[in-house]
Amino acid sequence: MENEKSIKVLNNLIEINNDRIEGYETALNETNEADLRSLFTRYISNSRRFKTELVAEVTRMGGTPEEGTRASGKIYRAWMEVKAALTGKDRKTVLQSCEYGEDVAVDTYKDTVEDHYADLSDAQQKLVSTQYSQLKADHDAVRNLRDQAVEHA
């Protein structure tokens with residue numbers, strides 16, 4: 001295991017959490033529904049905590065933590081804003097956009113677990129696994145809310 005590889009893997013996860021934070025901040029602006037606002041605020045808090053944990057690891061290894069977002073994250077947020085404007089901030093549409101973002105986050109963590117675990121220490125693997133489990137639960141909650149919105153549409 002090389003520090004450089006570990007830092008790269010962890011910075012990729014920092015970046016996806018930055019995307020998730022910005023995505024849910026956008027989602028907060030796209031709905032006035034109290035239950036969704038509470039959910040999105042909780043997910044922002046989760047990703048900030050994940051980011052803080054990952055930044056501490058990168059810093060501990062002497063790396064520079066990622067501060068930006070992915071180009072795809074910027075495209076996703078812009079698409080969400082346009083779609084919300086066109087649909088009147090419809091609950092189902094906002095949740096579909098959020099599920100798309102959750103898919104990307106879960107896939108990024110899944111890729112790390114499946115393809116890059118050898119680049120991480122045991123403690124880092126445990127950290128990533130714990131975060132991945134929470135992200136999968138968050139994803140499933142968004143999907144279930146989206147499905148309920150479809151049923152009631």
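Helices here are DSSP runs of H or I with at least four residues, numbered from the N terminus. The model is predicted: local features need pLDDT of at least 70, side-chain atom pairs count only at pLDDT 80 or more, and totals for chains, interfaces and linings use all residues. Residues are numbered from 1 along each chain as its sequence is written, and side-chain values use heavy atoms, leaving out hydrogens and water.

**View A. Helix H2 and the glycine that follows.** H2 covers residues 34–60. Buried residues (under 20% relative accessible area, 1.4 Å probe, protein chains only) in H2 include Leu36, Phe40, Asn46, Phe50 and Glu57. Gly62 follows H2 and has a positive phi, near 85°.

**View B. H1 against H4.** Helix H1 (residues 3–29) packs with H4 at about 170°, and the axes, lines fitted to C-alpha atoms over the stretch in contact, lie 10 Å apart. The pair is therefore roughly antiparallel (angle over 145 degrees between N-to-C directions, on a scale from 0 to 180). In contact (heavy atoms within 4.5 Å) are, among them, Leu13, Ile16 and Arg20 of H1 and Glu102, Ala105 and Thr108 of H4.

**View C. Thr108 in H4.** Thr108 lies in H4, residues 91–115. At 8% relative accessibility, Thr108 counts as buried. A polar atom of its side chain lies 2.8 Å from the backbone oxygen of Val104. Thr108 is also one of the H4 residues that meet H1.

Methods. Helix = DSSP H or I, 4+ residues; strand = E, 2+ residues; numbered from the N terminus. Expected span 1.5 Å × (residues − 1). Buried < 20%, exposed > 50% of the residue type's maximum accessible area, 1.4 Å probe, protein only. Polar contact = N/O pair within 3.5 Å; in protein donor to acceptor, adjacent residues only side chain to side chain. Parallel < 35°, antiparallel > 145°, perpendicular 65-115°, else oblique.
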